[in-house]
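Please look at the structure first.

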Amino acid sequence: MLKLTPFHSLQQYLPHNLHLSLFQTCSAPQEVEQLHAFSLKTAIFNHPFVSSRLLALYSDPKINDLGYARSVFDRIQRRSLIHWNTIIKCYVENQFSHDGIVLFHELVHEYLPDNFTLPCVIKGCARLGVVQEGKQIHGLALKIGFGSDVFVQGSLVNLYSKCGEIDCARKVFDGKIDKDVVLWNSLIDGYARCGEIDIALQLFEEMPERDAFSWTVLVDGLSKCGKVESARKLFDQMPCRNLVSWNAMINGYMKSGDFDSALELFYQMPIWDLVTWNLMIAGYELNGQFMDAVKMFFMMLKLGSRPSHATLVSVLSAVSGLAVLGKGRWIHSYMEKNGFELDGILGTSLIEMYAKCGCIESALTVFRAIQKKKVGHWTAIIVGLGIHGMANHALALFLEMCKTGLKPNAIIFIGVLNACNHAGLVDDGRRYFDMMMNEYKIEPTLEHYGCLVDILCRAGHLEEAKNTIENMPVSPNKVIWMSLLGGSRNHGKIDIGEYAAQRVIEVAPETIGCYILLSNMYAASGMWEKVSRVREMMYKRGFRKDPGCSSVEHKGTLHEFIVGDISHPQTKEIYAKMSEMKEKLKCVGHVPDTTQVLLCIEGEKEKEAELENHSERLAIAFGLINVKPGIPIRIMKNLRVCNDCHSVTKLLSKIYSREIIVRDNCRFHHFKNGSCSCMDYW
């Protein structure tokens, strides 16, 4: 530890040479803080060398303590341009560019900026994407004679390129006689960002010299334009690949959906950094490969890498997609042990994870623990409560949020309308839709109209829903027409259903769900000829219905079942349990609802057998065998729960005294003591 002698006799004089040497040689944060305290205690802080040196030390990237740097800057009585430049750069480099620009505005009232100030503040404008402010600074640079400065011009090309003002960037570039490789790279990057990849390639060919960044910019640009094969060809030609170029190529593969090639490249890399891990985990999550995302995250931890906020957001989203509560709880525990704050997007992600994994109580616990709640946190919990059928609680929280002074935005109203939808609160849905427009002056988007239409369709108000669609100020998309088709199928309105199906086919003919719903609607009405026609149409177009699939997490492993599955290691025990379930259901008077069989099967026994083998029943049997009493059986299904399985699960929850939580593709169903949280409305 650095030891200092007070030298009280020198308080009123210039610092002793011993002090100066200490200020020149110290480099560790603790030493700098000790010297800072010493300078204040001995009243030598205001000596120009001491205060300047402290500011430089705190701003140095090795220490990089913005808080102390600003504290020192504020105490300096006579600030020079060097002081201003140092603190502005510190703000910009620490991603507080807005504060840096505010300081620059104060600076110009005292000094004229120089060729150190201008590039730094222009860089801040580029990071914020504020091109108008950048243009004002450009004008100032021309006015005070720095328009031709090599560093100023380079930063301007970078600013205009990143902000999409490529013509301005080219004008500055063409006006410069001595163009270095950084300037070429900035312009090429700008053209690549704007999608002008051919011009970027042309400039690349014209470059007198190239560095690794020159190649990487093009690899990244080609990848983002969807030209992944061309990007790989260029990547393979690189004389020297850096980490950024490897990451750019992996990002290209992930965005194109080729996660196998991304993984192959990942294992060829000489070294991985945090960006690499984030690209792999986020890429898997983006492509719906949730299990691979989770595995990659745990591999990252095993190899000693520390995740960032972005890593955790991606892996929590993947956990939500799988509904693997155990993994989610472990990640939450890891976050707490490693000091991750939940005030921002991490809190939102954690609430969403617990809600989507069927544990709304934990979602509420996380929500209540967040001290500074933002609109995103309120939105997440309101949406979560909605999909769990707890509409009254969701709406109460919305009103509570409004009382705190937070102004609801367009997104939170989607959550509110969805909560009304899941509970069949038609009048409330209409009221909140009107409140959004009239009280908060929020213009409804396609998503808001979609929520309102779905509320009406689920409740059977199909004519009103149809009129709403036809009078919308925006063109309806396939989702809205599918809501009308789904409502028609549920309420047996063949004419409106056919009308909606025709609109879906016109807007998005590749929508497989449209043909399935239309076929099911005809099947439910016994119109088998029309069923055959629709299925023949699907066959000719190469469409195939996804089989029903249900999964259960148990001891960290996800167990998946499809209709009539016999592939599980416990198949014998599962089917024995299903036979037991069948007998117990008979004893309590259950009669299978064979109208739910949407296949052309003649015999009632055959129809009953088809229902008995639905995937969620296999999952329930597995849960009854393996999940300890007192712990809920949590099931995720890829399709909507049919009426018969819904009735059966209610009865089984009472027969076996078990809580069964099922997440289908619409919402959550909490089965307990013979009833369901959805109140038979889904």
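## The second largest cavity

D189, A192, R193, V217, D220, G221 and K224 line the second largest cavity. On a 1 Å grid over the protein atoms alone, a cavity is a set of points where a 1.4 Å probe fits but cannot get out, and lining residues have an atom within 4 Å of a point. Helices α11 and α13 are the elements that give two or more residues to this lining, and α13 gives the most, with four residues. Helices are DSSP runs (H or I, at least four residues), numbered from the N terminus.

The second largest cavity holds about 30 Å³ of space. A volume is the space filled by probe spheres set on the grid points, which are joined across faces, edges and corners. Its lining has two nonpolar, one polar and four charged residues. Here Ala, Val, Leu, Ile, Met, Phe, Trp, Tyr, Cys and Pro count as nonpolar, Asp, Glu, Lys and Arg as charged, and the others, Gly among them, as polar.

The model is predicted: local features need pLDDT of at least 70, and side-chain atom pairs count only at pLDDT 80 or more, while totals for chains, interfaces and linings use all residues. Residues are numbered from 1 along each chain as its sequence is written, and side-chain values use heavy atoms, with hydrogens and water left out.

## The largest cavity

How many cavities of 30 Å³ or more does a search of the whole structure find? There are two. The largest cavity contains about 40 Å³ of space. Its lining consists of M291, V294, L322, V324, K327, E553, G556 and L558. Five of these residues are nonpolar, one is polar and two are charged.

## The second largest pocket

A pocket is an open set of grid points with protein on both sides within 12 Å along at least five of seven lines. The second largest pocket has a volume of about 630 Å³. It is lined by 29 residues, and N158, K162, V182, S186 and F213 lie nearest its centre. The lining divides into 11 nonpolar, nine polar and nine charged residues.

At least two lining residues come from each of α7 (117-128), α9 (150-162), α11 (181-193), α13 (212-224), α15 (243-255) and α17 (274-286).

## Helices α29 and α31

Helix α29 (residues 478-491) packs against helix α31 (residues 512-524) at an angle of about 15°, with the axes 9 Å apart. Axes are lines fitted to C-alpha atoms, for helices over the stretch in contact, and angles run from 0 to 180 degrees between N-to-C directions. The two helices are therefore roughly parallel, a term for angles under 35 degrees.

How values were computed: Angles under 35 degrees count as roughly parallel, over 145 as roughly antiparallel, 65 to 115 as roughly perpendicular and the rest as oblique.
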